[in-house]
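Trainee: I am new to this structure. Please take me through it step by step.

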Amino acid sequence: MNIKRAKQEIKDTIEAYLLKDRYGAYEIPAIRQRPVLLIGPPGVGKTQIMEQISQECQIGLVAYTITHHTRQSAIGLPFIQEKIYNARRVSVTEYTMSEIVASIYDKIESTGLREGILFIDEINCVSETLAPTMLQFLQCKTFGTHAIPEGWIIVAAGNPPEYNKSVREFDVVTLDRIKMIHVEPDYQVWKEYAEQVEIHPAIRTYLDIKPGNFCRIETTVDGKRFATPRGWEDLSRFLEVYEKLGKTADRDVISQYIQYPQIAKDFANYLELYQKYQKDYQVDEILHGVIREAACRKLEKAPFDERLSVISLLTAKLNDAFLALSMMEDRLERLQKLLGGVKPGNYDEQEYPSALERLEGILAGVQAEWKYKKEAGLLDRKEAHLVFDTVETLDALVKELRSEHITETDAVWEKVSQAFADKNDQYEVQFDLCGEQMEHAFDFMEISFGDSQEMAVFITELNTNYYSIKFLQEYECQRYYQYNERLLFNRREDEIKERIDHLGK
C-alpha cells in the first residue's frame, strides 16, 4: 500500500488500541495489541509519518534507531540483588531499566502524555547479540525485565532485504504476533503531500514530467545509486535557503541529496531550464494580467515538455497562492474563536475585572499552549506558524490597547472587533486577488493553447490539488466549470469506447 494508506491504517490502529471500556480498561488489552511493522524502501516516509501521527493524534512519540544500540543499552546493565527464598538469602542478577523504556517514562514526566508511540526504526537490522532481545520485545512488549508502559503502542520499521544486506528475517512465531504493513512509493500520494508542505516548485514540476525519477534505488557494479522521497524533500529545503542567500545549486550540490548520477544531472539541467522558463515566460506577470503575445507564440511552437513545464510553473504559482489564502483563513477562524472570548457577557467579570485583562489572559493561554506543544513535539511546521502568527496578532493588539490606555469593556470590544474586521478585509482582498490570478491563468492558457490537450493537463492539475479544490469550492470560475465538464465528458466517452472494444473482443 502507499504511505498515505499506511498512515491511516496506523491511526486507525492507535484509535482501536487506545479505546477504553466503561471501567477504564483498554478494550484490547496490551498483550493483544500487536506491534505494527512497516516494511518499505528507504526514504519512502516511514519515520516521517510517525511524527505526523503523533501530532495529529496529540499523543507522545519516542523514536529510536535500534542499530545504534547495544544489548546493554537496550535491556539495561546487570547488578546483584539480595533476596530471600525459603528462608535462604541468595544473590540474584537483576537489570537496570532499559534506556529505551526509561525514555518513555521521561517523556511522560516532561509532557504529561500518558499515551503514545514507541517507534523502533531498522528493527530487522539488529546485531546477532541483540536479535533475541528484539524478538522478545515484539512478542512480549518488554526490554529485558522491564515492560513498555501501558498506553504506549509499538510501531517498528525496516527495509526489505534487497535494500540492506544486514536484514534479518523474522520467524513465523514472531510474524504471527505483529501487524505487517508493506509500503511502496507512490508519486501521486507524495505529490499531494509535497503541495501541502510547499516542496520547491522546481522539484514538483520536474517530477510531474518525470515521475519515474521520484524513487529509484539500484545496485550496480559501481555501487548503489538512489533517489528517494526523503532526498527530494531535504533538497527542497536546501534550495529554498540557497535562494534566500542568493546562491545557485549546481549538479555537485544536487548530487549530495540525489545520489543517482543520471537523475542528479537531469534535474540540474532542468533547474536551469526552470529558471530560464520563469524569465522567458514571466509567470508572475501572467498571473497579474500581463500576457505577452510573443511569449504565447513561442510557447505554442515549443516542444511538449517545455509546454508542460510552463503549465506546471503556472499551477505551482497558483497553488502557492491558494495555500497562502488557506493559511489566512485558518488564522481568521482561530482569531474569531479567541477574540469572541472578549465580548461582553462571554467571560467571568469577577475573574477578569476588565476586557483588556481578559484579552491578556487569552494571550497568556495561547502562549502557554504553544510552549507546551512545542516542547512535547506536537506541532508540525504549519501549525507552529499558525500559532506564532496568532500570538503575534494578539500581542500587538494588547500593546496597542495599553499604549492608548483603553481598558473600558465596550471600548476594548470595539477595538478588538475592528482589528478582526481589518484582518477579514485583508483576507477578502487576497481572495479576490487569487480569483484574478485564476482568470489570468485561463486567459493565458486559452491564448496559448485553446481547448487542447494542454488545457486538459491544466484542469487535471487543478483537480488534484487540495488547496485549488478548496478555493474553487468558494470561487465561481465559469471557465473552470466549462472545461472541467468537457474533460469529464471526454473521459466518460473514452471509458465507454473501452468497454465497447472489450465487449467486441
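Trainee: How far apart do the centres of the positive and negative side chains lie?
Mentor: This is a predicted model, in which local features need pLDDT of at least 70, side-chain atom pairs count only at pLDDT 80 or more, and totals for chains, interfaces and linings use all residues. Residues are numbered from 1 along each chain as its sequence is written, and side-chain values use heavy atoms, with hydrogens and water left out. Lys and Arg count as positive, Asp and Glu as negative, while His and the chain ends are not counted; each charge is placed at NZ of Lys, CZ of Arg, CG of Asp or CD of Glu. The protein has 62 positive and 84 negative side chains, and the centres of these sets are separated by 6 Å.

Trainee: What share of the residues is buried?
Mentor: Buried means under 20% relative accessible area, with a 1.4 Å probe and protein chains only. Of the 505 residues in the protein, the buried share is 44%.

Trainee: How many aromatic pairs does a search of the whole structure find?
Mentor: Rings of Phe, Tyr and Trp (its six-membered ring) pair if their centres lie within 6.5 Å. Searching the whole structure on that basis gives 22.

Trainee: Which kind of aromatic pair do Phe137 and Phe143 form?
Mentor: Phe137 and Phe143 are both buried. Planes under 30 degrees apart count as stacked, over 60 as edge-to-face and the rest as tilted. With 4.4 Å centre to centre and 20 degrees between the planes, the pair of Phe137 and Phe143 is stacked.

Trainee: Which residues form one aromatic cluster with Trp232?
Mentor: The cluster holds Trp232 together with one Phe and several Tyr residues.

Terms used. Buried means under 20% relative accessible area, exposed over 50%, partly exposed in between (1.4 Å probe, protein chains only).
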